[in-house]
Amino acid sequence: IYKMNDNNACDAHGTAYKKNKTFEECKEIALVNSNLLSTEIKEQGEVSWNRVLKVANSDELIYKLTLKYLRQKGYDIGNNKTPRVK
């Protein structure tokens, strides 16, 4: 399992979030990210998973939540063979 040591990262395991972020704050950040990426997808047709990770500031929890919200908006979030959102 990939573990981040970045102080800005959210920790999905346990109750203490780094930099005092709550899970709710992480969800809010991911929702903002999904709205931003939604605009990019409309303009470009798709975005890579790497772009999603970059927008999430390499925070695994925010990255996963962002993908979840994009899927809920109806986007195809791809898979390990097609790592893109369109």
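Lys27 and Glu24 both belong to helix H1, where three residues separate them, which is about one turn of the helix. In this predicted model, the two residues form a salt bridge in which the closest N and O atoms are 3.2 Å apart. Lys27 has a relative accessibility of 26% and therefore counts as partly exposed, and Glu24, with a relative accessible area of 45%, is partly exposed as well. Side chains of opposite charge can pair when their charged atoms come close.

A pairing of this kind within one helix is also found in helix H3, where Glu60 and Lys64 lie four residues apart, again about one turn of the helix. Their side chains meet in a salt bridge with an N to O distance of 3.0 Å. Glu60 is partly exposed, because its relative accessible area is 30%, and Lys64, at 49% relative accessibility, also counts as partly exposed.

The side chains of Arg51 and Glu40 meet in a salt bridge too, at 2.6 Å from N to O. Arg51 lies in helix H2 while Glu40 lies in helix H1, so this pair ties together parts of the chain that are 11 residues apart in sequence. Are these two partners buried or partly exposed? Arg51, with a relative accessible area of 29%, is partly exposed, whereas Glu40 has a relative accessibility of 13% and counts as buried, because buried means under 20%. The count of salt bridges comes to four, and the table sets out some of them.

| Salt bridge | N to O distance |
|---|---|
| Lys27 and Glu24 | 3.2 Å |
| Arg51 and Glu40 | 2.6 Å |
| Glu60 and Lys64 | 3.0 Å |

From the charged pairs we can turn to the nonpolar residues. The largest nonpolar core has 18 residues, and the ones with the most contacts inside this core are Val52, Leu70 and Val85. Helix H1, helix H2 (49-55) and helix H3 (60-72) each supply at least two residues of the core. Which helix gives the most to this core? Helix H3 does, with seven residues.

Leu70 is found in helix H3, and with a relative accessibility of 0% this residue counts as buried. When residues up to four places away in sequence are not counted, Leu70 touches Ser34, Leu37, Ser38, Ile41, Tyr75, Ile77 and Val85. Leu70 and Ala30 are 40 residues apart in sequence, and their C-alpha atoms are 9.6 Å apart in space.

Val85, when residues up to four places away in sequence are again left out, touches a list of residues that includes Ile41, Val47, Trp49, Val52, Leu67, Leu70 and Ile77. Among its other contacts are Gly45, Glu46, Tyr75 and Asp76.

One of the residues touched by Leu70 is Ser34, which lies in helix H1, a helix that covers residues 23-44. Leaving aside its neighbours within four places in sequence, Ser34 is in contact with Thr66, Tyr69, Leu70 and Lys73.

Notes
Residues are numbered from 1 along each chain as its sequence is written. This is a predicted model: local features need pLDDT of at least 70, side-chain atom pairs count only at pLDDT 80 or more; totals for chains, interfaces and linings use all residues. Side-chain values use heavy atoms; hydrogens and water are left out. Contact means heavy atoms within 4.5 Å. A nonpolar core is a set of buried Ala, Val, Leu, Ile, Met, Phe, Trp, Tyr and Cys residues joined through side-chain atoms within 4.5 Å. Buried means under 20% relative accessible area, exposed over 50%, partly exposed in between (1.4 Å probe, protein chains only).
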